[in-house]
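Good morning. I will go through the pockets of this model and then its ligand. Please look at the structure as I talk.

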Amino acid sequence: MKPFLKIENISKKYPNSKKHALFDFDLNIFPGEIIAVVGKSGSGKSTFLRCVNGLTKTSSGNIYFKEKNTKSMSSKEYRKYRTNIGFIFQNYNLQNRISVLDNVLTGLLGQRNPLMTTFGLWSKQDKEKGKSILVEMGLGQHVNKRADQLSGGEKQRVSIARALIQNPKIILADEPVASLDPPTAKKILDDLKAKCKKRKIAVVINLHDVEMALRYSDRIVGLRNGEKVWDSPSSEATEESFKQIYQKDE
Amino acid sequence: MNKKITILFFVALFLWACYETEVSFKSLINGFADVNFFISEMFPPDFSEVSKVFPDFITTLKMAFVSTFYGAFLAYPIAILAANTVTKTKFLNVFFRVFLNLVRTIPDLLLAALCVALFGANPFAGIIALSFFSFGIISKLLYESLESLDENSLDPIRAVGGSWLSKIKYGIAPAVLPQFLSYCLYVFEINIRAAAIIGLVGAGGIGTWLNINFDLGQYNKISSLLLTLFLIVATIDFISSKIRKRLTDS
Ligand SMILES: Nc1ncnc2c1ncn2[C@@H]1O[C@H](COP(=O)(O)OP(=O)(O)O)[C@@H](O)[C@H]1O
Ligand SMILES: [Mg+2]
């Protein structure tokens, strides 16, 4: 099998910052695999995910999607590229003042006519699809509620639904359960994994909890000070590897 | 010690300001004598003509309402173009910010006098003047709300390749709607008073009657008009501030 997303030597240095947040990072991502990215706070996990879908601009390096360099894409092609990527934020990032269903539909904004969607004109199929994904996420009774009426766990389920409706090739999840209590966190990760495996969507998930990372991923990537220090199937990750990832800086 | 110097400094500043602006107790006391004369002339208020001029009260309210509407209608897109959180074109931001500042430097009464000169002494002139005035306030307040929006809240829309219009419809508009409505109500409150006052320079509405009665020296009719206006303004302020409170609480 060939990787559909190739990340080649990407680095990121934020303006006004002396050191690299991400340095010379490589990763090949294969269809349907689940990769956990672990590392201490500040090790560059979020920066990495945001560089992949262009929320943050890389300073150098290349990203290839199906062999095509994202840097050589026209803005239209890049928009198309982004529709292949679902993103799940730690703080859910829902629009609180609109309905749960409308929040889910925003996942399709890059794929539909901007004029139609600006007037709230969604096709019947889109609305039905949104509803059925919400039902699948166990939120059937919340479809028309305002998003700010939901609990944290429910909000994160909505944001998973928002990613799923895109029909993405890959979902990037940035510490999706860090703000939730452990039982809720576990249920949500179980669901995320099941839905993505069923649809053969690849997942890159940032987690700081090692146990969770081992349990939910096929592969583990360790980041330390912006550099990749570990990359192996989860079954081969050892105590030693985590020590290396989490050890104190001299 | 420091405190004493500060107090001394402000007292000196105050006295200097009084001197420069030729405020004196003598003129203040003379002024009081005139006020005394007016007040005694104003009582008892003569309500005999209030019902006759009632349509002009309605005209004043209509002027206030319509101008708030026009002002808001113009302010919305311009504030969006001026705010760099929403519109990412630096040139447009700067251009519209300068424009907004220019609009606000024009004094309202000058604006009203100008409109009367241009369009004649009628409510239309008043509406144009007040619309400009409303536009100035609403666009400034809205622009500040937009600038203080958390840009991360737009990430989900950027992440899926959503357009500028999508960002406005699904990210920005719902987020600032309560504030926007609240500003409109606030400006409507101000506009009722302003609409009555610019009537004095001939822009129609109840101000016309204030002017006529002033010239005729019928101060007891003026007082009846002012009391009626006060009642109307107070009622609307009361209702509007209740609504505004509810808007900004949710
Ligand atoms: N927007 C930003 N501007 C400047 N520095 C940033 C920004 N975001 C992150 N950083 C810095 O980049 C490094 C990596 O951060 P981040 O990617 O958020 O790590 P993690 O997600 O692993 O906690 C940190 O040193 C952080 O302070
Ligand atoms: Mg992070």
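**Pockets and ligand**

Start with the largest pocket: 26 residues line it, and those nearest its centre are A:Gly54, A:Lys57, A:Tyr78, A:Arg82 and B:Arg158. A pocket here is an open set of points on a 1 Å grid over the protein atoms alone, where a 1.4 Å probe fits, with protein on both sides within 12 Å along at least five of seven lines; lining residues have an atom within 4 Å of a point.

Before going on, some ground rules. This is a predicted model, in which local features need pLDDT of at least 70 and side-chain atom pairs count only at pLDDT 80 or more, while totals for chains, interfaces and linings use all residues. Residues are numbered from 1 along each chain as its sequence is written, chains are lettered from A and ligands numbered from 1 in the order written, and side-chain values use heavy atoms, without hydrogens and water.

Which element gives the most to the lining of the largest pocket? That is α2(A), with four residues. The pocket has a volume of about 750 Å³, taken as the space filled by probe spheres set on the points. By class, its lining has seven nonpolar, 11 polar and eight charged residues. Charged means Asp, Glu, Lys and Arg; nonpolar means Ala, Val, Leu, Ile, Met, Phe, Trp, Tyr, Cys and Pro; the others, Gly among them, are polar.

The second largest pocket has a volume of about 280 Å³. Residues of both chains line it, including A:Arg146, A:Asp148, B:Asp150 and B:Ser153. Its lining divides into three nonpolar, five polar and four charged residues.

Now the ligand. Around ligand 1 are, among others, A:Tyr14, A:Lys19, A:Gly42, A:Gly44 and A:Ser46, each with a heavy atom within 4 Å of it. The shell has two nonpolar, six polar and three charged residues. For polar contacts, pairs of N or O atoms within 3.5 Å, a polar backbone atom of A:Gly42 is 2.6 Å from an oxygen atom of ligand 1. For a polar backbone atom of A:Gly44 the distance to a ligand oxygen is 3.1 Å, and for a polar side-chain atom of A:Ser46 it is 2.7 Å.

Last, confidence. The predictor gives the complex an ipTM of 0.91 and a pTM of 0.84. Chain B averages a pLDDT, the predictor's confidence in each residue from 0 to 100, of 85.

Definitions and conventions
Polar contact = N/O pair within 3.5 Å; in protein donor to acceptor, adjacent residues only side chain to side chain. Helix = DSSP H or I, 4+ residues; strand = E, 2+ residues; numbered from the N terminus.
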